[in-house]
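Reader: Hi! Could you walk me through this structure before I set anything up?
Author: Happy to, let's take it topic by topic.

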Amino acid sequence: MSRVTVMDHPLIQHKIGIIRRKEVGSKDFRQMISEIAMLMCYEATRNLKLQDVEIETPICTTRVKELRGKKLAVVPILRAGLGMVDGMLQMIPAAKVGHIGLYRDPETLEPVEYYCKLPADSSEREVFVVDPMLATGGSAVEAIRMLKNKGVKNIRFMCIIAAPEGVKRMQEAHPDVDVYIGALDEHLNDHGYIVPGLGDAGDRIFGTK
């Protein structure tokens, strides 16, 4: 079963408390989403493997640590996931960025792919799929299925706020994918929104409500 990590860092919790407020405008909301993503990235990369390499300092030769093996990629689920990319790249600037676009079919309520563009060597990378909200879990489950179909084997999912229903669906569909959550909320309402949540993350990031 996948490992689910709910972040307990005080700065993450403080900033999530700010973006929940309905009076926070798009500019501040965007900034906070980026900062939260940066802090979560710091926590979620804690178990990346290191190796020893020999280097020259201005004084002498010595051995230091550097990341070993797999390179990293960040794949936001459009469109709200875009809000987390800059914060992630602050921490891992050498990461490549892919994009997955999904929309919900109004009849079936199931996610439908409309865009997928990934780095050519994604199958060799540690891929972080990012989306601020994990609500029903439909989009995240489908995005990860698409990545697996394209040969990606090392996937982690990162969201800022999750509902228990989405976490359960994710674990059932992708038991090999670790999930990193900023805050685990109470439940989904009748419209599929997370309660207490923060509303529609995409609308609040881009000012489209």
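**Pocket, cores and loops**

Author: This is a predicted model. Its largest pocket has a lining of 30 residues, and those nearest the centre are Arg104, Asp131, Ala135, Ser139 and Asp200.

Reader: Nice. How much space lies in the largest pocket?
Author: About 820 Å³.

Reader: And which helices and strands supply at least two residues of its lining?
Author: The strands are E4, E6 (99-104), E7 (111-117) and E9 (133-134), and the helices are H4 and H6.

Reader: Let's switch to the packing. Which residues of the largest nonpolar core touch the most other members?
Author: Ile19, Met88, Met158, Ile160 and Ile161, out of 38 residues in that core. H1, H2, E4, H3, strand E8 (125-130), E10, E11 and H6 each give at least two residues to this core. The largest share, nine residues, comes from H2.

Reader: What about glycine 87, buried or exposed?
Author: Buried: glycine 87 has a relative accessible area of 0%, and that counts as buried because the cut-off is under 20%. Glycine 87 lies in helix H3. Leaving out neighbours within four places in sequence, glycine 87 is in contact with Ser34, Ala37 and Met38.

Reader: On to H1, then. Which residues of helix H1 are buried?
Author: In H1 (residues 10-19), they are Ile12, Lys15, Ile16 and Ile19. Looking down the helix axis, these buried residues fall within an arc of 105°, so they line one face of H1.

Reader: Why would residues three or four places apart point the same way?
Author: An α-helix has 3.6 residues a turn, so residues with that spacing point the same way.

Reader: Got it. What do the buried residues of H1 pack against?
Author: They pack against H2, E10, strand E11 (178-184) and helix H6 (201-206). On the face of H1 turned away from its buried side are the exposed residues Pro10 and His14.

Reader: Which residues is glutamate 43 in contact with, leaving aside its neighbours within four places in sequence?
Author: Met7, His9 and Ile12. Glutamate 43 lies in helix H2 (residues 26-44), and its side chain also makes a polar contact with the side chain of arginine 46, at 3.0 Å.

Reader: Last one: where does glycine 151 lie?
Author: In the loop between helix H4 (138-149) and strand E10 (154-162). Glycine 151 is partly exposed, with a relative accessible area of 24%. Its C-alpha atom is separated by 5.2 Å from that of serine 123, 28 residues apart along the chain.

Key: Residues numbered from 1 in each chain as written. Predicted model: local features only at pLDDT ≥ 70, side-chain atom pairs only at ≥ 80, totals over all residues. Heavy atoms only, no water. Helix = DSSP H or I, 4+ residues; strand = E, 2+ residues; numbered from the N terminus. Buried < 20%, exposed > 50% of the residue type's maximum accessible area, 1.4 Å probe, protein only. Polar contact = N/O pair within 3.5 Å; in protein donor to acceptor, adjacent residues only side chain to side chain. Contact = heavy atoms within 4.5 Å. Arc of directions from axis to C-beta. Core = buried A, V, L, I, M, F, W, Y, C linked by side-chain atoms within 4.5 Å. 1 Å grid on protein atoms, 1.4 Å probe; cavity = no way out; pocket = protein on both sides within 12 Å on 5 of 7 lines; lining within 4 Å. Points joined across faces, edges and corners; volume = space filled by probe spheres on them.
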